[in-house]
Amino acid sequence: MQYWLMKSEPDEFGIDDLERCPDATAHWDGCRNYQVRNMMRDEMKVGDRALFYHSNTKPPGVAGIMEIVREGYPDHTAFDPEDPHYDPKSDPDKPRWFMVDVRFVEKFPHYIPLSELKKQDALADMKILQRGNRLSITPVSKKEWNRIVKMGRGK
DNA sequence: GCCAACGTTGGC
DNA sequence: GCCAACGTTGGC
């Protein structure tokens with residue numbers, strides 16, 4: 001089993017939105033980055049766990065946990081001209097973009113702001129803390145995962 | 001295949 | 001709103 005961190009802007013779709021979805025499950029659509037596409041298509045497996053990270057908000061940080069409940073399949077929003085993430089170059093017969101399904105697991109009693117993550121020596125190597133990293137999905141090590149979950153649950 | 005221009009991300 | 005960092009596009 002692997003661990004991940006997945007970013008979303010809570011103004012668009014936050015952890016509370018996920019919890020309110022039917023079966024607390026949603027598809028993680030709209031990714032238009034090849035590296036992230038490859039992770040969703042090839043690497044993420046049912047049962048993997050992911051941190052739900054709130055980006056572009058005040059303050060940015062980790063809000064809780066979700067799990068992967070369906071492995072990579074074509075992102076149909078790329079085929080819809082009405083969709084803001086429409087990509088005419090993605091052909092239903094040869095889809096360019098993929099997504100996974102995620103299910104809400106828990107919302108942390110203690111939201112963890114990015115500033116707190118940065119203070120942890122144990123998390124210094126986290127992808128999300130590296131300069132210039134803009135990927136919306138990154139792998140998280142077991143050690144990092146355990147530390148963050150502990151922080152979120154309040155030690 | 002190079003690379004300048006442009007677009008996007010996302011913290012601050 | 002600014003801007004650094006990075007990805008993508010397209011002319012050549």
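A backbone N or O atom of Asn56 lies 3.0 Å from a phosphate oxygen of DNA strand B, a polar contact in the sense of a pair of N or O atoms within 3.5 Å (within protein, one must be able to donate a hydrogen and the other to accept it, and residues adjacent in sequence count only if both atoms are side-chain atoms). The model is predicted, so local features need pLDDT of at least 70 and side-chain atom pairs count only at pLDDT 80 or more, whereas totals for chains, interfaces and linings use all residues. Residues are numbered from 1 along each chain as its sequence is written, chains are lettered from A and ligands numbered from 1 in the order in which they are written, and side-chain values use heavy atoms, with hydrogens and water left out.

**DNA strand B**

- The residues around DNA strand B are Lys7, Tyr53, Ser55, Asn56, Pro60, Leu114, Lys118 and Arg134; a residue is near a strand if one of its heavy atoms lies within 4 Å of it.
- By class, this surface has 3 nonpolar, 2 polar and 3 charged residues, where Ala, Val, Leu, Ile, Met, Phe, Trp, Tyr, Cys and Pro count as nonpolar, Asp, Glu, Lys and Arg as charged, and the others, Gly among them, as polar.
- Sugar or phosphate accounts for 73% of the atoms of DNA strand B within 4 Å of the protein, and bases for the rest.
- An N or O atom in the side chain of Tyr53 is 2.8 Å from a phosphate oxygen of DNA strand B.
- A base oxygen of DNA strand B lies 2.5 Å from a polar side-chain atom of Arg134.

**DNA strand C**

- Tyr34, Gln35, Lys89, Arg131, Gly132 and Arg134 surround DNA strand C.
- Of the atoms of DNA strand C that come within 4 Å of the protein, 80% belong to sugar and phosphate.
- The side chain of Lys89 places an N or O atom 3.4 Å from a phosphate oxygen of DNA strand C.
- Arg134 also has a polar side-chain atom 2.8 Å from a base oxygen of DNA strand C.
- The surface near DNA strand C comprises 1 nonpolar, 2 polar and 3 charged residues.

**Nonpolar cores**

- The largest nonpolar core has 23 residues, among which Met6, Trp28 and Ile137 touch the most other members; such a core is a set of buried Ala, Val, Leu, Ile, Met, Phe, Trp, Tyr and Cys residues joined through side-chain atoms within 4.5 Å.
- At least two residues of this core come from each of β1 (3-8), α2 (15-20), α3 (34-43), β3 (49-54), β4 (61-74) and β5 (98-113); helices (H or I, at least four residues) and strands (E, at least two) are DSSP runs, numbered from the N terminus.
- A second, separate core of 18 residues includes Val62, Leu117, Ile148 and Val149.
- Leaving aside residues up to four places away in sequence, Ile137 touches Trp4, Leu5, Met6, Trp28, Val36, Met39, Met40 and Met44, contact meaning heavy atoms within 4.5 Å.

**Strand β6 and Pro139**

- Pro139 lies in strand β6 (residues 137-140).
- With 31% relative accessibility, Pro139 is partly exposed; buried means under 20% relative accessible area, exposed over 50%, and partly exposed in between (1.4 Å probe, protein chains only).
- Not counting residues up to four places away in sequence, the contacts of Pro139 are Tyr3, Trp4, Met39 and Lys127.
- Between Pro139 and His54 there are 85 residues in sequence and 16 Å in space, C-alpha to C-alpha.

**Salt bridges**

- The structure holds 8 salt bridges, each a side-chain nitrogen of Lys or Arg within 4 Å of a carboxyl oxygen of Asp or Glu.
- Asp17 pairs with Arg20, with 3.0 Å between the closest N and O atoms.
- Both Asp17 and Arg20 belong to helix α2 and are 3 residues apart, about one turn of the helix.
- Asp17 is partly exposed at 25% relative accessible area, whereas Arg20 is exposed at 62%.
- Arg41 and Asp42 form a salt bridge through their side chains (2.8 Å, N to O); Arg41 is partly exposed at 35% relative accessible area, and Asp42 is partly exposed at 39%.
- Glu67 and Arg103 form a salt bridge with their closest N and O atoms 3.7 Å apart.
- This pair links distant parts of the chain, with Glu67 in strand β4 and Arg103 in strand β5, 36 residues apart.
- Glu67 is buried at 18% relative accessible area, while Arg103 is partly exposed at 30%.
- A network of salt bridges links Asp23, Glu67 and Arg103.
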